[in-house]
Amino acid sequence: MLDEYFLDQNLSIKEDRLEASIQFISASTILVQPPLASVPLPAKRHQRCNYCLAKAQLQCCSRCRSAYFCSNECFRNAWLHFHRVLCEPQPTDIYKDVDADRWLLERTALTLHSHNRLNKQHSHSHLPIAIHALKSHSATLCTDAESNKTSPVEAVYEFLEPFECQIPLDELHVLWKRLQISTFPILDPEHHLEQVAVGVFPLTSLYVKHSCRPNAAAVYKQGVQHLIALEDIAPGETITISYVNLALTKEQRWKELREKFGSDFHCDCLRCNGELSGIDEVLAKSETLGLSKQDGIGLMSNAIVTWNILEMAKKAEQRESDSWSPLQVLEPPEFTHFVIRLIAPDIYYPTIDYKKRYKYKISLKENRVGILKRLPSALSALLNVPQVPAFSTACISAAEELLLERIAQNKWVEASRIALYLFVVYRVIYPPLHPKLSYHILILARSSWNALVELELIGVNKKLERIYANGVTNWIEIGKDAIEATFGKGTNLWRDIIELQWVYNREQKVKGIS
């Protein structure tokens, strides 16, 4: 069944791995998979349709007063697959204090139960494939993870017992173990890549393997999972995604992966044991500094105030890649300017010197050969510096937190500096077109534009103004390519970047700048 399904998608299964049967060019869609079951996070339950997850004006079920839907169609689908079992007059909202894990287990169990009763006319066409894939998961892989997570099985069994849905306790235990492998966080690209739900995508978890340098990534549109190619994927090449946060050390990532997939899991990817192993060598070296989260916040807070763009640009121009050895410490400003010059000269030089703009083709896209040529040499240079606190997990997580704070406070100059630093970090850690990186470029473009306006209001050095203006131009151009490739033109992100470009170009014309 699954072999035929993947054959129709130009994919094949080889030794439990999903492989490309044709050439997938970067930004192309590899696989589209509706969830077997999904639920909004409890905090989003009144904001998201309890069936399709759309953010819309919702109507509460008039009978049970515990479920919310955006349309009659969603209500009918929910009724067929799970809601009819639970829809009884209730004195209070039965999901008032619901836990996401318990809710997802309950909904998946009800969907499986209902599917057995529904004929093909009423059941969704993707469900037989998804159910077959879910049942193909080994129920023993989650032993390690189960010990670290409170099981909702007993609570779900007791909750469903009064209804017309008798699911044996042992079946619920097996289902819960399988869900721990096949559940994915659903991030909404229309709302800051915020997690809004969790969903069950068993085809992905069964056959799409993990890599810390993946060639594909999951993007969600109305709760449907789209696997997109982050780079060109040749026929016969294994499709991989990341199942953990890549801004962690190798030890931290492997710990999470073994909790999810079992204690025998290991990763032999390009980053863990290949040409990009220097990423983790630099991270591990920086971890020996013992920086706490508070240390990272202090380091970043000081850096974004004292950051001198002109001075950093001058130093970066003077130093060659093989003359890093005199440097003793790389804090965020120095790290940002030196590293971006090495790994992305096509972005760096047109920003610093407008005359060099036309010597480079500015784009986020870069083939694997180009990345493997530039990135290892930059990592080698970083390893020659005694201390690189800027490339530590404490500093990275602090920057992510401070960026949100500065944006909320409308402190755009400081926000733009943090965003530039994080762009360089993400460019090292993530493949081009990764959703994390593509979305961040929009944030960087928007922050840089607002920073330019802020600087003009208070008066600024003309050379610095030109650097900021060049940066805005570059980030908008790169952002358009990245957002179109990763998320598509039919999203709010695309409308945001186009609107930003229109406003910026209008202002430049008013100033008489071409």
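**Entry 1**

I began with Arg102, which forms a salt bridge with Glu106, and the closest N and O atoms are 3.5 Å apart. I note at once that this is a predicted model. Where do Arg102 and Glu106 lie? I found both in helix H3, residues 100-117. They sit four residues apart, about one turn of the helix. Are Arg102 and Glu106 buried or exposed? I looked it up, and both are buried.

I then checked what H3 packs against. One partner is helix H6, residues 153-160. The two helices pack at an angle of about 55 degrees, and their axes are 9 Å apart. That angle makes H3 oblique to H6. I also noted that H3 passes H6 in a right-handed crossing. On the H3 side I listed Arg102, Leu105, Glu106 and Leu110. They meet Val153, Ala155, Val156, Phe159 and Leu160 in H6. I see that Arg102 and Glu106 turn up again here, among the residues that meet H6.

I wrote down one general point before going on. Side chains of opposite charge can pair when their charged atoms come close.

Next I took Lys293 and Glu401. Their side chains meet in a salt bridge, at 3.1 Å from N to O. Lys293 lies in helix H12 (residues 293-306) and Glu401 in helix H17 (residues 393-408), so the pair ties together parts that are 108 residues apart in sequence. I checked how open each residue is. Lys293 has a relative accessible area of 49%, so I count Lys293 as partly exposed. Glu401 is partly exposed too, because its relative accessibility is 29%.

For contrast I looked up Gly290 and Ser182, which are also 108 residues apart along the chain. Their C-alpha atoms are separated by 35 Å. Gly290 is in the loop between helix H11 (278-287) and H12. I count Gly290 as exposed, because its relative accessibility is 55%.

**Entry 1: how H12 and H17 pack**

I went back to the two helices. Two packed helices are described by the angle between their axes and the distance between the axes. For H12 and H17 the angle is about 60 degrees, and the axes are 8 Å apart. That makes H12 oblique to H17. H12 passes H17 in a right-handed crossing.

Which residues of H12 and H17 meet? From H12 I listed Lys293, Gly296, Ile297, Leu299, Met300, Ser301 and Ile304. From H17 I listed Ala394, Cys395, Ala398, Ala399, Glu401, Leu402 and Arg406. Lys293 and Glu401 are both on this list.

**Entry 2: H17 again, with H18**

I stayed on H17 and looked up helix H18, residues 412-429. The two pack at an angle of about 145 degrees, with axes 9 Å apart. H17 passes H18 in a left-handed crossing. On the H17 side, the contact includes Cys395, Ala399, Leu402 and Arg406. On the H18 side, it includes Trp412, Ala415, Tyr421 and Leu422.

Arg406 also has a charged partner. Its side chain meets that of Glu405 in a salt bridge, at 3.7 Å from N to O. Is Arg406 buried or exposed? Arg406 is buried, because its relative accessible area is 11%. Glu405 is partly exposed, at 33%.

A search of the whole structure finds 14 salt bridges. Arg253, Arg271 and Asp280 are linked in a network of them.

**Entry 3: a buried threonine**

I looked up Thr336 in helix H14, residues 332-343. Its relative accessible area is 1%, so Thr336 is buried. A polar atom of the Thr336 side chain lies 2.7 Å from the backbone oxygen of Pro332. What does Thr336 touch, leaving aside neighbours within four places in sequence? I found Trp307, Leu420, Tyr421 and Val424.

**Entry 4: two positive phi values**

Last, I checked two loop residues. Glu15 is not a glycine, yet its phi is positive, near 55 degrees. Glu15 is in the loop between strand E1 (11-14) and strand E2 (17-20). It is exposed, with a relative accessible area of 75%.

Leu53 is not a glycine either, and its phi is positive at about 75 degrees. I found Leu53 in the loop between strand E4 (38-40) and strand E5 (59-60). Leu53 is buried, because its relative accessible area is 4%.

How values were computed
Residues numbered from 1 in each chain as written. Predicted model: local features only at pLDDT ≥ 70, side-chain atom pairs only at ≥ 80, totals over all residues. Heavy atoms only, no water. Buried < 20%, exposed > 50% of the residue type's maximum accessible area, 1.4 Å probe, protein only. Polar contact = N/O pair within 3.5 Å; in protein donor to acceptor, adjacent residues only side chain to side chain. Contact = heavy atoms within 4.5 Å. Salt bridge = Lys/Arg side-chain N within 4 Å of Asp/Glu carboxyl O. Axes fitted to C-alpha atoms, helices over the stretch in contact; angles between N-to-C directions. Parallel < 35°, antiparallel > 145°, perpendicular 65-115°, else oblique. Left-handed = near helix turned anticlockwise from the far one by under 90°.
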